[in-house]
Amino acid sequence: MNSNRRSVPDYWEWFTEGRYGAFIHWGPYAEYGRGEQVLFREHMDQRVYEERACRWNPRRFDPEQWAYVIRKAGMKYACFTTRHHDGYCLWDTRYTDYSSARQAPGRDYVKEFTDAFRAEGLRIGFYYSWADWRVPAFFDGPEKDPDGWETMRQYMHDQVVELLTSYGRIDHFFFDGAWPRTHAELGSSELVRRMRELQPHILINNRLGAAGPGRTDHADGGQGAGERADMGDFGTPEHRIVADPERLWESCQVTTWRLWGYASGERWRPADYWLDLLCECAETGSGGGGNLLLNVGPQPDGQLPPEFVERALEVGRWLEVHGEAIYGTDGGALTDFVTRGRQTMKGNCLYLIIRFWDGQPELRLADLTTPVRTVTLLTTGQRLAFERQGDDLLIRGLPAERPTRLFPVIKVECEGRPATNSWGKQRLWAGDPARIADWARTRGTSVKAGRR
């Protein structure tokens with residue numbers, strides 16, 4: 001673990017061990033098939049949207065099938081949108097009748113989700129939006145509407161407490177939609193304290209409201225509305241993979257090109273793209289790596305899109321064979337391996353995740369200084385011949401044909417923790433340029449070919 005990162009309690013180890021979770025954006029917005037924010041982005045008539053939301057009744061929702069697919073996909077936890085920005089609640093809340101329990105479905109979808117996913121051995125996460133596009137007081141704020149704002153603030157706090165007292169142990173909580181409110185207005189510090197009293201082991205994200213004057217948070221812009229640099233247990237870069245050196249982090253990403261909620265006709269990213277996101281998260285950072293929270297927007301009738309299921313299970317089959325290169329790893333990118341793929345590490349092992357298989361029988365891994373015990377093509381279990389030449393490791397006997405449709409993995413077991421030299425520590429366009437000058441000097445100083 002990175003020495004710069006805050007100390008992580010033992011009861012949060014499941015998060016880094018798991019590495020891979022499902023984000024599930026679902027609600028009455030799925031009826032429109034244009035993403036989760038269609039109400040706002042298309043400036044729809046609020047009353048028309050509400051009337052349709054109250055009629056929404058997804059009769060093919062099968063939480064057991066969802067949970068089975070997510071587990072077989074190799075994901076270890078799931079975060080479910082209990083209430084998105086449209087204000088519709090997917091549980092039996094006593095604070096509003098705008099919910100799946102009080103309207104057409106007559107069902108508590110949060111309870112059905114938690115029961116089914118726990119039964120599959122998955123950790124439980126809840127998403128909750130601070131914002132409610134139906135309520136003017138949230139956007140007017142305490143200065144323009146002090147009474148309305150206090151009612152709204154209490155409503156949000158009451159609902160979060162309700163979620164944390166009605167469904168057993170909750171492992172992961174993802175706030176969203178804090179903009180334009182500050183953390184002081186939201187009372188997020190007070191609410192977080194209450195949440196920890198109710199669920200001492202819970203992990204809470206960093207979208208807890210703006211810092212106020214001289215704000216240091218981010219309002220969307222690819223990072224997520226209301227991210228805080230100084231609050232929350234884990235960072236949540238959105239549509240990006242950026243390590244947080246101070247705490248745990250997970251990158252939330254879509255399986256389609258852009259939208260989180262169901263979108264009819266949206267383009268799907270291929271399975272190898274999903275897998276590369278996961279490998280990049282595990283690799284990124286000098287001492288820990290991060291998680292991937294990969295989204296699916298179920299169809300309006302409650303079914304998972306078949307395109308998602310197909311790709312998710314393909315990645316899951318890869319993880320059944322290669323999971324040790326992802327789960328519980330503690331960062332990678334030991335050496336400069338961009339021309340081949342990615343790296344992760346665990347204990348004395350370095351994993352070479354080959355994105356670009358060139359069909360050559362030999363692979364040169366430069367700048368590995370630790371003595372090597374064994375080299376194995378993890379994809380097939382084949383032991384590979386190897387030779388040390390200084391700090392270079394030559395791996396031989398690789399098959400001409402790519403041994404898996406996705407990424408083959410080579411496991412390098414060392415005699416100690418894998419270590420590198422200055423070339424591995426200092427990368428292209430970084431570090432001390434003198435080393436590059438010395439390297440160039442071995443050829444000479446002239447710009448002309450063959451001249452010293």
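These notebook entries record what I looked up on helix packing and cavities in a predicted model.

**Entry 1. Conventions.** I number residues from 1 along each chain as its sequence is written, and I leave out hydrogens and water, using heavy atoms for side-chain values. As the model is predicted, local features need pLDDT of at least 70 and side-chain atom pairs count only at pLDDT 80 or more, while totals for chains, interfaces and linings use all residues.

**Entry 2. Helices α7 and α9.** I took helices as DSSP runs (H or I, at least four residues), numbered from the N terminus. I then looked up α7 (residues 146-166) and α9 (residues 188-198), whose axes come within 10 Å and cross at roughly 15°. The axes are lines fitted to C-alpha atoms over the stretch in contact, with angles from 0 to 180 degrees between N-to-C directions. The crossing of α7 past α9 is right-handed (the near helix is turned clockwise from the far one by less than a right angle).

For contacts (heavy atoms within 4.5 Å), I find R153, H157, V160, V161, L164 and T165 of α7 against E190, L191, R194, M195 and L198 of α9. This contact has 6 nonpolar, 2 polar and 3 charged residues. Here Ala, Val, Leu, Ile, Met, Phe, Trp, Tyr, Cys and Pro count as nonpolar, Asp, Glu, Lys and Arg as charged, and the others, Gly among them, as polar.

**Entry 3. Helices α10 and α11.** I next examined α10 (residues 271-283) and α11 (residues 306-322), which pack at about 50° with axes 9 Å apart. These two helices are therefore oblique to each other, and α10 passes α11 in a right-handed crossing. From α10, A271, W274, L275, L278 and C279 take part; from α11, F308, R311, A312, E314, V315, W318 and L319. By class I record 10 nonpolar, no polar and 2 charged residues.

**Entry 4. Cavities.** I searched for cavities (sets of points on a 1 Å grid over the protein atoms alone where a 1.4 Å probe fits but cannot get out; lining residues have an atom within 4 Å of a point). The count is 3 cavities of 30 Å³ or more, a volume being the space filled by probe spheres set on the points, which are joined across faces, edges and corners.

The largest cavity holds about 80 Å³. Of its 13 lining residues, T256, L259, G261, Y262 and G297 are the closest to its centre. Its lining divides into 7 nonpolar, 5 polar and 1 charged.

The second largest cavity holds about 40 Å³. Its lining residues include R340, W357, D358 and L398.

Key: On a 1 Å grid over the protein atoms alone, a cavity is a set of points where a 1.4 Å probe fits but cannot get out, and a pocket is an open set with protein on both sides within 12 Å along at least five of seven lines; lining residues have an atom within 4 Å of a point. Angles under 35 degrees count as roughly parallel, over 145 as roughly antiparallel, 65 to 115 as roughly perpendicular and the rest as oblique.
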